[in-house]
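This report goes through selected local features of one protein chain. Please keep the sequence and the structure in view while reading.

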Amino acid sequence: MPKLEEFIRDIVAYNPTANIELLREAYRFAQYQHAGQRRKSNDPYFVHCEETVRTLIDLHMDIETICAGIMHDVLEDTKCSPEDMEAKFGRSITNLVLGVSKINTKINELPFRGATQAPQHMQDENARRRALRQAEHYRNMMLAMAGDVRVILIKLADRLHNMRTLEYLKPARQQEIARETLAIFAPLGHRLGIAKIKSELEDLAFKFLEPEKYREIQRLVNERREEREEYTRNMAALISEVLASESIEAEVFGRPKHFYSIHQKMEQKGTAFEDIYDLIAFRVLVATEDECYPALGVIHGTWVPIPGRFRDFINLPKINGYQSLHTTVQIKKRRIEIQIRTREMHQRAEYGIAAHWRYKEGIPRAVTSDEQFQWIRQMVENLQEVQDPHQLVECIEADLFPDEVYVFTPQGDLLALGGEATPLDFAYAIHTDLGHRCVGARVNGTFVPLRHTLQTGDQVEILTDSNAKPGRDWLRIAKTSRARSKIRRWLNDQERAQNHEIGGRLLEHEMLKRRLNPRQHMKSEELQHTWERLGFDDLDGLLVSIGQGKTSVQHVLNLMFPREEEVKKEETREVEVVPQRHAISIGGINDAVLRIANCCKPLPGESVIGFITRGRGISVHHMNCARVGNEPERLIHVDWPVTETTYPTQITVYADDRKQLLGDIATAIGKSEVNILKGEGGSVDPFTACHRFTVEVTGIEQLRRVIGAISRVRGVQRVERRLPKGAKR
Ligand code: MN
């Protein structure tokens, strides 16, 4: 039977109303476009298109996806333009094909899970550029997926055939593609719940990445194939007999685990390949959910269940939607793994997201609005706020590898969270406000820090304070994309409010300098024309942009009053600085964007100045700090009163070495009511000791008092305030 007729027969079997004429046309079109092209295997290129479609039909995909699948390489590898395709096949199919070609970007090497945090990666400029390209690639992929998940399904089918024919490529390319498959596509398949494709991709990648280990497992599995198959048949018959005797009708079968998962089990548990019977999982398929638990009851009543091996994924589905009851029982001295589920759950486990389209022609475009696929939307939303490529890769990985933990609320409700979740993730999973006001947690009755990693079975109670608010460091503590995006949104809102305030003050100040009355001109038509001309939606948008340092106030004023002479630029800092009464206050509600500069580490009470960075808030420097640039218009007065808040400051003490020296210095510091965070000792020469302390002070006055007290200790030569390396004063 010709391939096309075979396809049609199989499609009609699951989708009798499919538009078969459209498929015939797409098939002929793709065949014509690829005519004469060959694969590396020397097969006609079109064979690859047919094989890709074979997989899509096995997944019972809708006709649009199948048409796009047969044409998935047409736009990239032939002269056909998107316009031509759209004229013939419509926008929807063309967009699918465009989506697939968008994510075909060639990449060299992929970062691996865990390796992405390594900062040394970033030191090398090449690595940095590669990271950027990879991040862009990931972003494209996720965006394409959010636009239409079917793009990824076509890509998975395409990758599956490429992996099946990987042997024809050069070894270096084989490694690259296999690595990318294992790092991205198999996890994507898993995340979309398509066990069938995920397993095959993993086995194929494993075969090329670790050929020796692969062959070893293959040999061991094949060695006792007959014995194993007979055992499997007998055991399945035994289980279904036992169930039938209790009037439960079930289909029972055993399937060996796939090679890569055997390999992972052996590596993780360090177990040897001893018992081939461990490699078979038995599946019990029943008609309805109501029969799952009685079936489990019969099995547990007949054989001894192994404690701790029962998992209820029916009441508590995995993040990818997987449902089943898992248990392990002892049958004739052997541990047997049994999974109980309905036929429908089984379909979903095998076909995952693809099961969603079965018999639902035309519906799938809105798939991302579906509750079940909310994570895709969430992921993309999250990604849009992440600029740093490493963060981006981390975010995607966190979403693609959701090792799950199950924890209890104080009310006893179970909650599933992504792996390595912390109490913050828990709080945000319950309610955004609970997250924002979170100050600590009790796990199983014990107080824990926010960065504590939760374990399955933990009971978690969140402690809140109505004055608490998220901090930037929370982005490092929270691990789930939900919590991280909530925190990031909160921080962005704060930053916007702060930039808005700064922008307003800078604009007012510039008006005052030009002898214009801000009261009158902040609401003037001239200003409205100006923000309109600059392309802002409203005045707020302009003010935020000024605050961010993206739009200059001089430019705004010059646009408002084009004929006026530009005010002479003055050179000295003092004159240009926004007047004191416009000072930004540290310790106020908005200090989320105020940072104490690391180069000069000023303290309250010193002469300080705020520097409006480009988009990263205001950094507070010592007035004389060399790092404050030559842009006087970016400087702003900062009001920094001494409060209870303390700041870590380093001091170095040089003294004649003697007994009791350290004790005396520590006493002097303590008497000044200053806390020592850290102390380390050393010596400059045999007679001179040199001790470094990090102390917490409320401001420069207190620091001076401490230094004075230390100076009076017998033998002390001098005390220095130590600044970070490279700082100038
Ligand atoms: Mn292809």
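Which residue in β10 does Ala441 stand opposite? The residue is Val448. The model discussed here is a predicted one.

## The chain as a whole

The chain holds 29 helices and 21 strands. It has 729 residues, and 50% of them count as buried. For contacts between residues at least 6 apart in sequence, 68% join residues at least 24 apart.

The pairing of β10 with β9 (residues 438-443) is antiparallel and comprises 3 bridges.

## Helix α24 and its two faces

Helix α24 spans residues 525-533, and its buried residues are Leu527, Thr530 and Trp531. These three lie on the same side of α24, because the arc they cover around the axis is only 90°. The face turned away from that buried side carries Glu525 and Arg533, which are exposed.

What do the buried residues of α24 pack against? They pack against four helices: α22 (481-513), α23 (518-521), α25 (539-548) and α26 (553-560). After α24 comes Gly535, with a positive phi near 85°.

## The contact of α11 with α12

Helix α11 covers residues 195-209 and helix α12 covers residues 211-223. Their axes come within 5 Å and cross at roughly 120°. Angles of 65 to 115 degrees count as roughly perpendicular and those over 145 as roughly antiparallel; α11 and α12 are therefore oblique to each other.

On the α11 side, the contact is made by Asp203, Phe206, Lys207, Phe208 and Leu209. On the α12 side, Pro211, Lys213, Tyr214 and Ile217 meet them. By class, the residues of this contact comprise 6 nonpolar and 3 charged, with no polar ones.

## Gln702 in helix α29

Gln702 is found in α29, the helix of residues 700-711. Is Gln702 buried or exposed? Gln702 is buried, since its relative accessible area is 11% and the cut-off for buried is under 20%.

Which residues does Gln702 contact, leaving aside its neighbours within four places in sequence? The partners are Ser672, Glu673, Val674, Glu696 and Val697.

His60 is not a glycine, yet its phi is positive, at about 60°. His60 is found in the loop that lies between α3 (46-58) and α4 (63-70).

Lys601, also a residue other than glycine, has a positive phi near 35°. Lys601 sits in the loop between β13 (594-596) and β14 (608-612). With a relative accessibility of 33%, Lys601 counts as partly exposed, because that class lies between the cut-offs of 20% and 50%.

How values were computed. Residues are numbered from 1 along each chain as its sequence is written. This is a predicted model: local features need pLDDT of at least 70, side-chain atom pairs count only at pLDDT 80 or more; totals for chains, interfaces and linings use all residues. Side-chain values use heavy atoms; hydrogens and water are left out. Two strands pair if DSSP finds at least two bridges between them. Buried means under 20% relative accessible area, exposed over 50%, partly exposed in between (1.4 Å probe, protein chains only). The arc is that of the directions from the helix axis to the C-beta atoms. Contact means heavy atoms within 4.5 Å. Axes are lines fitted to C-alpha atoms, for helices over the stretch in contact, and angles run from 0 to 180 degrees between N-to-C directions. Angles under 35 degrees count as roughly parallel, over 145 as roughly antiparallel, 65 to 115 as roughly perpendicular and the rest as oblique. Ala, Val, Leu, Ile, Met, Phe, Trp, Tyr, Cys and Pro count as nonpolar, Asp, Glu, Lys and Arg as charged, and the others, Gly among them, as polar.
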